[in-house]
Amino acid sequence: MSPEYRRIAYLTAVFTGLRFQELQQLECGDVIFDGENSRLNVRGSTTKNGKDASIGLVPALEAALRDYISADAEPSDKVFRMGVPRSRTLKIDLKEAGVPYRDSRGHVAVFHSFRKTWGTYLQREGVEERLAMS
């Protein structure tokens, strides 16, 4: 089983659609715990399109981040202080979890796959494409 810091990074990627670089730059002050309004405030200076974004947290991710982020963390501390797993580490974690790196159709599981998973989730939940894109 992969270490907690990697599991939380993967979980955050799956349930937010954030890119690798965006996750690396996520700070504790960007994580807002506010009940039903819990969210990540992603700074435009860290996003590919240069725009601020607010991403609601699903309950499982909110709980995981609450447990993971130290109570004495400074707002400017990185959420993923031990880093976000790179491709080589992801490949190891996939193997350990019994998930093939390459499926029967030849598709490979890379970090960007988490973003696609999030998009699929939004589509299945009926979120309009334009809203999902933002």
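## A tour of the salt bridges

Begin by selecting arginine 66 and glutamate 62, whose side chains meet in a salt bridge with an N to O distance of 3.1 Å. Both residues belong to helix 3 (residues 59-68), where they sit four residues apart, about one turn of the helix. Colouring by accessibility separates the two partners: arginine 66 counts as partly exposed because its relative accessibility is 44%, whereas glutamate 62, at 12%, counts as buried, the cut-off being under 20%.

Keep in mind that this is a predicted model, with a chain average pLDDT of 88 and 90% of the residues scoring at least 70. If you colour by confidence, strand 1 (residues 31-32) has the highest mean, 98, and helix 6 (residues 129-133) the lowest, 62.

The structure holds six salt bridges in total. Select next arginine 6 and aspartate 93, which form a salt bridge whose closest N and O atoms are 2.6 Å apart. Arginine 6 lies in helix 1 (residues 4-16) and aspartate 93 in helix 4 (residues 87-97), so this pair ties together parts of the chain that are 87 residues apart in sequence. Arginine 6 and aspartate 93 are both buried.

Move on to arginine 105 and aspartate 103, where the side chains again meet in a salt bridge, here at 3.8 Å from N to O. Arginine 105 is exposed, with a relative accessible area of 65%, while aspartate 103 is partly exposed, at 28%.

Key
Residues numbered from 1 in each chain as written. Predicted model: local features only at pLDDT ≥ 70, side-chain atom pairs only at ≥ 80, totals over all residues. Heavy atoms only, no water. pLDDT = per-residue confidence, 0-100. Helix = DSSP H or I, 4+ residues; strand = E, 2+ residues; numbered from the N terminus. Salt bridge = Lys/Arg side-chain N within 4 Å of Asp/Glu carboxyl O. Buried < 20%, exposed > 50% of the residue type's maximum accessible area, 1.4 Å probe, protein only.
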